[in-house]
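Then let's walk through it together, one piece at a time.

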Amino acid sequence: MKMRDLLETWGLKSLKLSTGFVEGEFAAQDPDRDAAWDLYVELVTRIATQRLPGEAGDEVAALRSIYDLWGIVRSTLKAHRGCTVFAKLTIPFFNQDVRPFTARWHKQSIAGALDTLSGKEAFRQELESLRARLVAFTGLLSAIAGVEDITPEIMADAEA
């Protein structure tokens, strides 16, 4: 299977990656599988892949949880030397999808936007959009790790 096909399977074909990498065969090695599993566990156990109901949760805590993923990605990359496939997918995904969200909302949070009803609503809408992308990325991580993706079950439980 080509990397392009794997990305398309998980709805991530819009991710901007080098053509050579995307057209190459998907060939994860043990460090890739281990790194993917580590990040997969972090994502499925955070607000990153869960809906934040209007009557529950805290926007500042949710923003912090998403921001904290950066440190986890860095630690994972360092802990699994040689996780090239994982790195070539995770770094662009986080730079293209997560970084704009955290940068924008960090600045708005400092300005007090998360203290207003309209700011909270806007944050939750953008978080939901990011969450959809993170759920797709979590599915991709399950494929790299070689494990069953339990995200659909978690999503169903959260919605019930």
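What follows is a tour of the helix packing, the nonpolar core and a few individual residues.

One thing to keep in mind from the start: this is a predicted model.

Let's begin with how helices get compared. A packed pair is described by the angle between the two axes and the distance between them. Take H5 (residues 84-110) and H6 (residues 117-145) as the opening pair. Their axes come within 11 Å and cross at roughly 175 degrees. Angles over 145 degrees count as roughly antiparallel, and H5 and H6 are therefore roughly antiparallel to each other. On the H5 side, the contact includes Phe86, Leu89, Phe93, Phe94, Val98, Phe101 and Trp105. Facing them from H6 are residues including Phe123, Leu127, Leu130, Leu134, Phe137 and Ile144. Sorted by class, the H5–H6 contact has 16 nonpolar, two polar and four charged residues. Among the residues taking part are Asp97 and Arg104 from H5, plus Glu126 and Arg133 from H6.

Now stay with H6 and look at H3, which spans residues 30-44. Here the axes of H3 and H6 come within 8 Å, crossing at roughly 145 degrees. The crossing is left-handed. H3 brings Asp32, Arg33, Ala36, Trp37, Leu39, Tyr40, Leu43 and Val44 to this meeting, and H6 answers with Leu134, Phe137, Thr138, Leu141, Ser142, Ile144 and Ala145. The tally for H3 with H6 is 11 nonpolar, two polar and two charged residues.

H6 has another partner to visit, namely H4. The axes of H4 (residues 59-79) and H6 come within 11 Å and cross at roughly 30 degrees, and this crossing is left-handed as well. From H4 you get Glu59, Ala62, Leu63 and Ile66; from H6, Lys120, Phe123, Arg124, Leu127, Leu130 and Leu134. That contact has seven nonpolar, no polar and three charged residues.

In soluble globular proteins, nonpolar side chains tend to be buried together. In this model, the largest nonpolar core has 46 residues, and Leu39, Ile66, Leu89, Phe94 and Phe137 touch the most other members. H1 (3-9), H2 (19-23), H3, H4, H5 and H6 each supply at least two residues. Which helix gives the most to this core? That would be H6, with 10 residues.

Leaving aside neighbours within four places in sequence, Ile66 is in contact with Ile47, Ala48, Val98, Phe101, Thr102, Leu127, Leu130 and Leu134. Buried or exposed, what is Val98? Val98 is buried, because its relative accessibility is 0% and the cut-off for buried is under 20%. Beyond its sequence neighbours up to four places away, Val98 touches Ile66, Trp70, Phe93, Leu130 and Leu134. The C-alpha atoms of Val98 and Leu69 are separated by 9.1 Å, with the two residues 29 apart along the chain.

Ala35, in H3, is another one to click on. It counts as buried, at 0% relative accessibility. Leu17 is 18 residues away from Ala35 along the chain, and their C-alpha atoms are separated by 19 Å.

Finally, two residues with some surface showing. Lys88 lies in H5 and is partly exposed, with a relative accessible area of 41%. Lys88 touches Leu17 and Phe21, not counting residues up to four places away in sequence. Lys88 and Val22 are 66 residues apart along the chain, with their C-alpha atoms separated by 9.9 Å. Thr45, for its part, sits in the loop between H3 and H4. Its relative accessible area is 59%, and since exposed means over 50%, Thr45 is therefore exposed. Thr45 and Ala103 are 58 residues apart along the chain, and 23 Å separates their C-alpha atoms.

Terms used. Residues numbered from 1 in each chain as written. Predicted model: local features only at pLDDT ≥ 70, side-chain atom pairs only at ≥ 80, totals over all residues. Heavy atoms only, no water. Axes fitted to C-alpha atoms, helices over the stretch in contact; angles between N-to-C directions. Helix = DSSP H or I, 4+ residues; strand = E, 2+ residues; numbered from the N terminus. Left-handed = near helix turned anticlockwise from the far one by under 90°. Contact = heavy atoms within 4.5 Å. Nonpolar A, V, L, I, M, F, W, Y, C, P; charged D, E, K, R; others polar. Core = buried A, V, L, I, M, F, W, Y, C linked by side-chain atoms within 4.5 Å. Buried < 20%, exposed > 50% of the residue type's maximum accessible area, 1.4 Å probe, protein only. Parallel < 35°, antiparallel > 145°, perpendicular 65-115°, else oblique.
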